[in-house]
Amino acid sequence: MSDQELTVEARLEAHALLDRLVQEGGTFARDDAVRLIGLIPVAPRRRLSFTGVFKSRGPGLRGQAAGIGDVEVGGEGREKQVSWNAPSAHRIGGYTVTHTPGQIAIELMWAETREEQSGQSCLLLYDPATGEPQAMQITVQRTLTLLFLRLAYVSYVPWKKPDAARAGLG
């Protein structure tokens, strides 16, 4: 599914809903979540997919500068993004949104430029049969170091529940 599947009006509405859903707090508006679930097209769930970023440093320069002496300039960083069999994503305002049955993944567009990924994306979880929002989870980055190799990965932890007043619970 491509970005053209959402009209300008739908994108503007989705952006306002996303801004409200990701605000600080322990709850989110159930009605906003229900509307977002209905607004964003659902992509088929993939059994196996991969998305990653590989970062490296390019070669540096070393030489002599007149009147200064020996100088060294570090190489420019390189970055390669790789994805395989990943569901389609929609760019909405400053967010990248991926909707698969039972969840909407919400990520800040510039999240991959940050070293620390904690809090840069979240999941809106819902019952795919009823469309009823269940919870939101947020990313926490963890790091595993093996010899000279450093692997950073993110996992999702509980963050918010739907507000009780609108869910008919209070």
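Four salt bridges are present in the structure, a salt bridge being a side-chain nitrogen of Lys or Arg within 4 Å of a carboxyl oxygen of Asp or Glu. The structure is a predicted model, in which local features need pLDDT of at least 70 and side-chain atom pairs count only at pLDDT 80 or more, whereas totals for chains, interfaces and linings use all residues. Residues are numbered from 1 along each chain as its sequence is written, and side-chain values use heavy atoms, with hydrogens and water left out. Side chains of opposite charge can pair when their charged atoms come close.

One of these salt bridges joins Arg20 to Asp32, with the closest N and O atoms 2.9 Å apart. This pair links distant parts of the chain, as Arg20 lies in helix H1 (residues 8-21) and Asp32 in helix H2 (residues 30-39), 12 residues apart; helices (H or I, at least four residues) and strands (E, at least two) are DSSP runs, numbered from the N terminus. Arg20 is partly exposed, with a relative accessible area of 41%, whereas Asp32 is buried at 11%, where buried means under 20% relative accessible area, exposed over 50% and partly exposed in between, for a 1.4 Å probe and protein chains only.

The helices that carry Arg20 and Asp32 also meet along other residues, with Ala10, Glu13, Ala14, Leu17, Leu18, Arg20 and Leu21 of H1 in contact with Asp32, Ala33, Arg35, Leu36 and Leu39 of H2 (contact meaning heavy atoms within 4.5 Å). Of the residues in this contact, eight are nonpolar, none is polar and four are charged, where Ala, Val, Leu, Ile, Met, Phe, Trp, Tyr, Cys and Pro count as nonpolar, Asp, Glu, Lys and Arg as charged, and the others, Gly among them, as polar. The axes of H1 and H2 come within 10 Å and cross at roughly 140°, the axes being lines fitted to C-alpha atoms over the stretch in contact, with angles running from 0 to 180 degrees between N-to-C directions.

A network of salt bridges links Arg30, Asp31 and Glu132.
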